[in-house]
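Welcome to a short walk through this structure. Keep your viewer open and have the selection tool ready.

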Amino acid sequence: MNPLLQKIGEEFGLSTLPPEKQEELLARIGGIIYKSVLIRALDQMSEVEQDEFDKILEQDKGPEEIFAFLKEKVPTIEQIIKEESEAFKKETMDVMNQVQE
């Protein structure tokens, strides 16, 4: 499994769900959080590192290689994932609370 999605799944405690439900929710939630994480990670990279990252994406490298690159170039990537996951959780709860009012 994609290491970024795995971390997001851990943040949301999805391990108690059946595997097919975990995959479905991770695809939805992960896509949203993944974009936020990448935006923040790219902000922390130099132009040269951003170019390297673009090349990795163009070569269709696997998620493990992408995550390894991000960990090397953005030492705080795990903290960023955690923060973006928490922000998504908060936003989701805020929306749910508004719907219930």
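Before we start, one cut-off: a residue counts as exposed when its relative accessible area is over 50%, and as buried when that area is under 20%. Please bear in mind that the model is a predicted one.

Select arginine 28 first. Its relative accessibility is 57%, so arginine 28 counts as exposed. Glutamate 24, at 35% relative accessibility, is partly exposed. The structure holds 9 salt bridges.

Next, go to helix H3 (residues 47-58) and pick glutamate 58. With 64% relative accessibility, glutamate 58 is exposed. Colour Glu47, Asp51, Asp54 and Glu58 together to see a negative surface patch.

Now move to helix H4 (residues 63-73) and select its buried residues: Ile66, Phe67, Phe69, Leu70 and Lys73. They sit on the same side of H4, because they cover an arc of only 160° around the axis.

Stay with lysine 73, whose side chain meets that of glutamate 72 in a salt bridge (3.4 Å, N to O). Glutamate 72 is exposed, at 57% relative accessibility.

For the last stop, show lysine 71 and glutamate 78, joined by a salt bridge of 3.2 Å, N to O. Lysine 71 is partly exposed at 41% relative accessibility, and glutamate 78 is partly exposed at 33%.

Definitions and conventions
Residues numbered from 1 in each chain as written. Predicted model: local features only at pLDDT ≥ 70, side-chain atom pairs only at ≥ 80, totals over all residues. Heavy atoms only, no water. Buried < 20%, exposed > 50% of the residue type's maximum accessible area, 1.4 Å probe, protein only. Helix = DSSP H or I, 4+ residues; strand = E, 2+ residues; numbered from the N terminus. Arc of directions from axis to C-beta. Patch = residues over 30% accessible without salt bridge, like charges linked within 9 Å, V, L, I, M, F, W, Y side chains within 5 Å. Areas by Shrake-Rupley, 256 points an atom, 1.4 Å probe, with all protein chains shown as cover. Salt bridge = Lys/Arg side-chain N within 4 Å of Asp/Glu carboxyl O. Lys, Arg positive; Asp, Glu negative; His and termini not counted. Charge placed at Lys NZ, Arg CZ, Asp CG, Glu CD.
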